[in-house]
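Student: Could we go through this structure together and check each label against its cut-off?
Tutor: Gladly; ask away.

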Amino acid sequence: MKQNVAVAVGLKAVFFVTRLNGITCLWTAILADTGATVLVTLNALRLLRWKPV
């Protein structure tokens, strides 16, 4: 779980820096942030299928 949060925060940091330097556009940063949010949410939803033995 902590790795998911680290990936999401890392993506935000990377796109924040690249946006400030003018390398990426704002829409690219928004799409990357949305994609990271979707991946983290889908990964967390896997816990709902977990059955204790």
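Tutor: Helix α1 (residues 2-20) and helix α2 (residues 26-45) pack at an angle of about 180°, their axes lying 10 Å apart. Helices here are DSSP runs of H or I with at least four residues, strands are E runs of at least two, and both are numbered from the N terminus. Axes are lines fitted to C-alpha atoms, for helices over the stretch in contact, and angles run from 0 to 180 degrees between N-to-C directions. This is a predicted model, in which local features need pLDDT of at least 70 and side-chain atom pairs count only at pLDDT 80 or more, while totals for chains, interfaces and linings use all residues. Residues are numbered from 1 along each chain as its sequence is written, and side-chain values use heavy atoms, with hydrogens and water left out.

Student: Why is α1 called roughly antiparallel to α2?

Tutor: Angles over 145 degrees count as roughly antiparallel, under 35 as roughly parallel, 65 to 115 as roughly perpendicular and the rest as oblique. The angle is about 180°, so α1 is roughly antiparallel to α2.

Student: Which residues make the contact?

Tutor: From α1 come Asn4, Ala8, Leu11, Lys12, Phe15 and Arg19, and from α2 come Leu26, Thr28, Ala29, Ala32, Asp33, Ala36, Val40 and Asn43. Contact means heavy atoms within 4.5 Å.

Student: What classes of residue does the contact of α1 with α2 have?

Tutor: The contact has eight nonpolar, three polar and three charged residues. Ala, Val, Leu, Ile, Met, Phe, Trp, Tyr, Cys and Pro count as nonpolar, Asp, Glu, Lys and Arg as charged, and the others, Gly among them, as polar.

Student: What makes Lys12 and Asp33 a salt bridge?

Tutor: A salt bridge needs a side-chain nitrogen of Lys or Arg within 4 Å of a carboxyl oxygen of Asp or Glu. The closest N and O atoms of Lys12 and Asp33 are 2.4 Å apart, so the pair meets the rule. The count by this rule comes to one salt bridge. Lys12 sits in helix α1 and Asp33 in helix α2, 21 residues apart, linking distant parts of the chain.

Student: How do you know that Lys12 is partly exposed?

Tutor: Buried means under 20% relative accessible area, exposed over 50%, and partly exposed in between (1.4 Å probe, protein chains only). Lys12 has 43%, so Lys12 is partly exposed. Asp33, at 29%, is therefore partly exposed too.

Student: Why does Thr24 count as buried?

Tutor: Thr24, in the loop between α1 and α2, has a relative accessible area of 16%, so Thr24 is buried. Thr18, found in helix α1, is at 17% and therefore buried as well.

Student: What makes the pairing of the Thr24 and Thr18 side chains a polar contact?

Tutor: A polar contact is a pair of N or O atoms within 3.5 Å; within protein, one must be able to donate a hydrogen and the other to accept it, and residues adjacent in sequence count only if both atoms are side-chain atoms. The two side chains make theirs at 3.2 Å. Setting aside neighbours within four places in sequence, Thr24 is in contact with Phe15, Thr18 and Arg19.

Student: Why is Leu39 called exposed?

Tutor: Leu39 lies in helix α2 and has 61% relative accessibility, so Leu39 counts as exposed. Leu48, in the segment after α2, has 67% and is therefore exposed.
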